[in-house]
Amino acid sequence: MVFQDPMTSLHPYYRVGSQIAEAIRTHRDVNKDDARKQVIEMLRRVGMPRPEDRAKAYPHEFSGGMRQRAMIAMGLALNPALLIADEPTTALDVTVQAQILELIGRLQQEFNVGVVLITHDLGVVADVSKKVMVMYGGKAVEMGTRDEIFRQPLHPYTWGLLDSIPTVDKRVERLVPIKGAPPSLINRPTGCSFHPRCPHRFEPCDKDIPELKDRGGGHPDACHLSIEDKRRLWSEREQQRARAAS
């Protein structure tokens, strides 16, 4: 697991190398010297400069990008089958973000590990993902390949996310936000969780929870609208955006 904020995920009182070694020794029967060698090797593989020295340093002595590299090293130290990266580029500048994403992609191939990337940055999703799950209120509302989600989205929440992305090739006077606020996970709305904010809601939306399934659109979604209505509404939105950009 690579957590969102490495500064709070790494213990400030312990050296970075000791924290990675602790994870290794907790799950493997190795002595301190062997664990230290594995730590240095992992830091080297994630591109850490002078890994022998950095293993002795404290988290506050690392930059944000270096702390994230250390967390990736810890996450891969036990050679897992799956790496979960929770917002791994949060609070990093654009250049470092690109380096971290490139690193994760390279290590995915080297370690033959699956990666689940959790992010709200659709630019990152478009750049690195193969399959995408869109979630709202703690539940999946649409699943598909990257091209399906960006070119043929079927759920109104996905439409709202895509409408809110600024582009450099189209001039738009104002971005279109999703009205309202996310639902409380303690007191969920009845029916579809998105229906209080959905401009296309109709009778069953506030009563019946839609099942995530393929309704004829080529990939699963959780919306009561018919596939014909979804295609028509998305086409109309695309035409409106094209007119606004012209």
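Lys207 and Asp206 form a salt bridge, with their closest N and O atoms 3.5 Å apart. A salt bridge here is a side-chain nitrogen of Lys or Arg within 4 Å of a carboxyl oxygen of Asp or Glu. Lys207 counts as exposed at 56% relative accessibility, while Asp206 counts as partly exposed at 32%. Buried is under 20% relative accessible area, exposed is over 50%, and partly exposed lies in between (1.4 Å probe, protein chains only).

This is a predicted model, in which local features need pLDDT of at least 70, side-chain atom pairs count only at pLDDT 80 or more, and totals for chains, interfaces and linings use all residues. Residues are numbered from 1 along each chain as its sequence is written, and side-chain values use heavy atoms, leaving out hydrogens and water.

The structure holds 10 salt bridges. Three of them are tabulated here.

| Pair | N to O distance |
|---|---|
| Arg106 and Glu110 | 2.7 Å |
| Lys207 and Asp206 | 3.5 Å |
| Asp221 and Arg215 | 3.9 Å |

Asp221 is buried at 1% relative accessibility. Elsewhere, salt bridges with shared partners join Arg45, Arg106 and Glu110 into one network.

Arg106 and Glu110 sit four residues apart in helix α6 (residues 94-111), so about one helical turn separates them. Helices are DSSP runs (H or I, at least four residues), numbered from the N terminus. Arg106 is partly exposed at 30% relative accessibility, and Glu110 is partly exposed at 40%.

Helix α9 (residues 156-163) is largely enclosed by the rest of the structure, because seven of its eight residues are buried. Among them are Tyr157, Trp159 and Asp163.

Key: Helices (H or I, at least four residues) and strands (E, at least two) are DSSP runs, numbered from the N terminus.
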